[in-house]
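Open the structure in a viewer and keep the selection panel at hand. The stops below go from one residue to the contact between two chains.

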Amino acid sequence: VKAKSLRRERRWALIWSYVFLVFFAVIFLTPPLYMLITSLKTSAEISAVTLPWWVFHPTLENYYALFTSEAYLTFFRNSAVVSLCVVAITMVISILAAFSLSRMKFWGSATLATGVFLTYLIPETLLFIPLFKIFAFVQDWTGIELMNHWWVLIVIFPTLTVPFCTWIMIGYFASIPKELDEAALIDGASYFQVLTRVFLPVALPGVIAATIFAFTVSWADFLYPMAFTTSIDQLVLPAGIVTTLIKGDVFNWGQIMTAALLGAAPPLIIYAFLMDYYIAGLTAGATKG
Amino acid sequence: MAAVLPGTQVAARRGGLRRLARRKSTMAFLLTLPLIVLIAALVVYPAFYSMYLSMLNKSLERFVGLANFKFLFTRDTFWMVVKQSCIFAVTAVVFKALIGFCVSHFVHNVPAKGQRKWRGMLLIPWVIPPAMSTLGWFWLFDPSYSAFNWIFVRIGLPAVTWLGDPHWARFSVILVNVWYGAPFFLIMYLAALKSVPEQLYEAAAIDGANWWQKIWYVTLPMMRNIIAITVLFSLIVTFANFDIVRILTAGGPIDQTHVFATWAFQLGIEGGDLPLGACVSLFMFPILGVAAYFILRDINRRGNEA
């Protein structure tokens, strides 16, 4: 009797789990799906008082309009260049630092590792106002105009990505057995060779996870571009879509939704193909401490 | 620089440098130098400069001490922002944690081969850049074409002015934040659930524990650390949130939904009063400090256990 009731209990737990999973999946996926639905509509269909949750006359004209819009292509290019540069800078800085902090002890290295984690906790919302002023007086001193140039994001985005990437790389590097690099050193490898021939291949999942993190963060950031860039040709995607498409007199919702969806596409595509690395990177911060 | 030096001197200097570089600790320091420079110049220095900036007058010419803070304390909007920031952060984090905890159990319950699919689907809100997905929500909340209201009207409920009414606007920004952040908790808790040994549940079942007792006496104690870290971490991020409020309401109606970040942006960047904006953003410091202290403590404890 006991075993039977236990089995029945299990089955009910399973059924209820599915019911709630479907419920939450619907809630979680409604906004992106509705964005997709809207992006396939004409302006006429959007403003018509019909069923908003269905497309009666699907069209790709919004996509076509954006792919031929010079402003949107500029946003996309700026975003792509900024993100790729930030990923490259981030990975170089954080891999070198993590290699050093996980293996070589020097005065203050333990404090520095903790400090790296602490800087990760300092939000950008605390820094954008002083940075705004600092950019102004850097210009006074050196003549380099930092404000309102897309490339300034390449300089400041690493502050968002480097601390976390360094932190998870320290975790991955520290889990490599010491015997491995000692053996390589005895065989006459230099430190650089130990890093490129031993550490990077062994910690490749960590490198991929950190790369994904750096890319998604710099692709998605909204505050710094809003604060430091204003001209249409200097904006990156999130700031560009919000300031140019929304602020127009006529809300062209079909185009706004298409623009947002296409802007969300690169991180989503990366996620679709590298989900396990993405999740590993996400959980590494808390589980690898 | 080196090119103008005579050749011998360059060689000597290089030799010295090489000898120095051969020392392990020097090289270790050099490898971390880019990191140190980046953090010092673009995080630590601005953070301290922000404190100095907050004590200048609007045209940045005169040192006024704490006058900006005094001015803020006399303004009703400031206290409203403090209250709203706290309500926003605490409510959002509580719901994110609860939903994440529940959904992680549902995912954990289904057969292992289906879990990947569900997990992949449920994490999507976290993957979409928040600025983009908030635009989608903004359109769902649209005053005249709201797709939610379309459903509400069909099932006989009154239409809701999502972003126009102060209470609903507050609800909406929290809702979007919960939607965006709950998947993060889900993933963290799912990872934690997987690490709870199955034997503990079997032992509890033999002792006659019901599902509630299993959660209370087995799951929660085993997950306590990760729950603490995710909650504190999310508290920081939510407290400092900018994107969602900025895009949905830009602080309105009548400043009712402003949080520290959006108000600081409005005062400092749009209003041109950098010191006052710096003042407002500095109020995020205390909560960050407290949360950071507990996170560090938990992480160190975790390190010692392992």
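Select Asn62(A) and show what surrounds it: leaving aside residues up to four places away in sequence, Asn62(A) touches Thr38(A), Ser39(A), Lys41(A), Gly254(A), Gln255(A) and Thr258(A). This is a predicted model. Asn62(A) sits in helix α3 of chain A, which covers residues 61-67. Asn62(A) counts as buried because its relative accessible area is 4%, under the 20% cut-off.

A polar atom of the Asn62(A) side chain lies 2.9 Å from the backbone oxygen of Ser39(A).

Next, colour chain A and chain B separately. Each side of the contact can be selected in turn: 92 residues come from chain A and 92 residues from chain B. Between them the two chains bury about 8400 Å², and 84% of that area is on carbon and sulfur atoms.

Which side chains meet in a salt bridge here? Select Arg116(B) and Asp276(A), whose side chains form one at 2.7 Å, N to O. Across the interface of chain B and chain A there are 2 salt bridges, along with 9 residue pairs in polar contact, both residues of each pair being at pLDDT 80 or more.

Finish on helix α2 of chain B, residues 24-53: this helix supplies 20 residues, the largest share of the side of chain B that touches chain A. Colour that side by class to see 74 nonpolar, 11 polar and 7 charged residues.

Definitions and conventions:
Residues numbered from 1 in each chain as written. Chains lettered and ligands numbered in written order. Predicted model: local features only at pLDDT ≥ 70, side-chain atom pairs only at ≥ 80, totals over all residues. Heavy atoms only, no water. Contact = heavy atoms within 4.5 Å. Buried area = accessible area lost by both parts, 1.4 Å probe. Salt bridge = Lys/Arg side-chain N within 4 Å of Asp/Glu carboxyl O. Polar contact = N/O pair within 3.5 Å; in protein donor to acceptor, adjacent residues only side chain to side chain. Helix = DSSP H or I, 4+ residues; strand = E, 2+ residues; numbered from the N terminus. Nonpolar A, V, L, I, M, F, W, Y, C, P; charged D, E, K, R; others polar. Buried < 20%, exposed > 50% of the residue type's maximum accessible area, 1.4 Å probe, protein only.
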